[in-house]
Amino acid sequence: MREIPRRKEYVEVTVRIDEDGNKRPLTVKFQGLKTFEVDRLMHVIERKASKVGGTGKCYRIVILGTETSLYEEDEGKWFVEAKENVRW
């Protein structure tokens, strides 16, 4: 099976920060157009974005029943490993 090419796509994220400083993504907005609610946060780990490059915290989240990765770079910017041929 051939792997689908990916690109780094920066996204707008609404985040809740608790009293201990823990972040929980609530919504993800793609290209300033389509907003999706985060159904569930699975876990958070330090990780490299293997398909598009970049490092930071990787938030494994569920949106519309699909588990995916959302990355927070050190500068506070958020991105996803978007499929090359998909536009929102």
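**View A. The pairing of β5 with β6, and the turn between them.** In β6, the residue that forms the bridge partner of V62 is E67, where strands, like helices, are DSSP runs numbered from the N terminus (E, at least two residues, for strands; H or I, at least four, for helices). The model is a predicted one, in which local features need pLDDT of at least 70 and side-chain atom pairs count only at pLDDT 80 or more, whereas totals for chains, interfaces and linings use all residues. Residues are numbered from 1 along each chain as its sequence is written, and side-chain values use heavy atoms, with hydrogens and water left out. β5 and β6 (residues 66–72) are joined in the antiparallel sense by seven bridges, two strands being counted as paired if DSSP finds at least two bridges between them. L64 counts as exposed, because its relative accessibility is 66%; by the cut-offs used here, exposed means over 50% relative accessible area, buried means under 20%, and partly exposed lies in between (1.4 Å probe, protein chains only).

**View B. Strand β5 and its pairing with β4.** Seven of the nine residues of β5 are buried, so this strand is largely enclosed by the rest of the structure. β4 and β5 run antiparallel and are joined by eight bridges, and in β5 the residue I61 is the bridge partner of L41.

**View C. The hairpin of β6 and β7, and the pairing of β7 with β1.** Two bridges link β6 to β7 in the antiparallel sense, with Y71 standing opposite F79 in β7. Five residues lie between the strands of this hairpin, where G76 takes a positive phi near 90°. β7 also pairs with β1, again antiparallel, over six bridges, and K8 stands opposite E81 in β7.

**View D. The order of the strands in the open sheet.** Zero helices and seven strands make up the secondary structure of the chain. The strands are arranged in an open sheet with antiparallel pairing, in the order β3-β2-β1-β7-β6-β5-β4. At its edges are β3 (34–37) and β4 (40–48), each of which pairs on one side only. On average, neighbouring strands of this sheet are turned by 35° against each other, with direction ignored; the axes are lines fitted to C-alpha atoms, for helices over the stretch in contact, and angles run from 0 to 180 degrees between N-to-C directions.

**View E. V28 and the largest nonpolar core.** Such a core is a set of buried Ala, Val, Leu, Ile, Met, Phe, Trp, Tyr and Cys residues joined through side-chain atoms within 4.5 Å. The largest one has 13 residues, of which V11, V28, I61 and L70 touch the most other members. At least two residues of this core come from each of β1 (6–17), β2, β5 (55–63) and β7. When residues up to four places away in sequence are not counted, V28 touches V11, E12, K34, T35, F36, V38, I61, I63 and L70, contact here meaning heavy atoms within 4.5 Å. In soluble globular proteins, nonpolar side chains tend to be buried together.

View F. T35 is partly exposed, with a relative accessible area of 44%. Leaving aside neighbours within four places in sequence, T35 is in contact with T27, V28 and K29. The C-alpha atoms of T35 and V13 are 9.1 Å apart, although these residues are separated by 22 residues along the chain.

**View G. The whole chain, with its dimensions and confidence.** The C-alpha atoms fill a box of roughly 45 × 25 × 25 Å along the principal axes. The radius of gyration is 13 Å, which agrees with the value near 12 Å that a compact globule of 88 residues would have; this radius is taken over C-alpha atoms, and the globule rule is 2.2 Å times the number of residues to the power 0.38. Of the 88 residues, 32% are buried. The mean pLDDT, the predictor's confidence in each residue from 0 to 100, is 88 for the chain, and 93% of its residues reach 70 or more. Where pLDDT is low, the predicted coordinates should not be read in detail.
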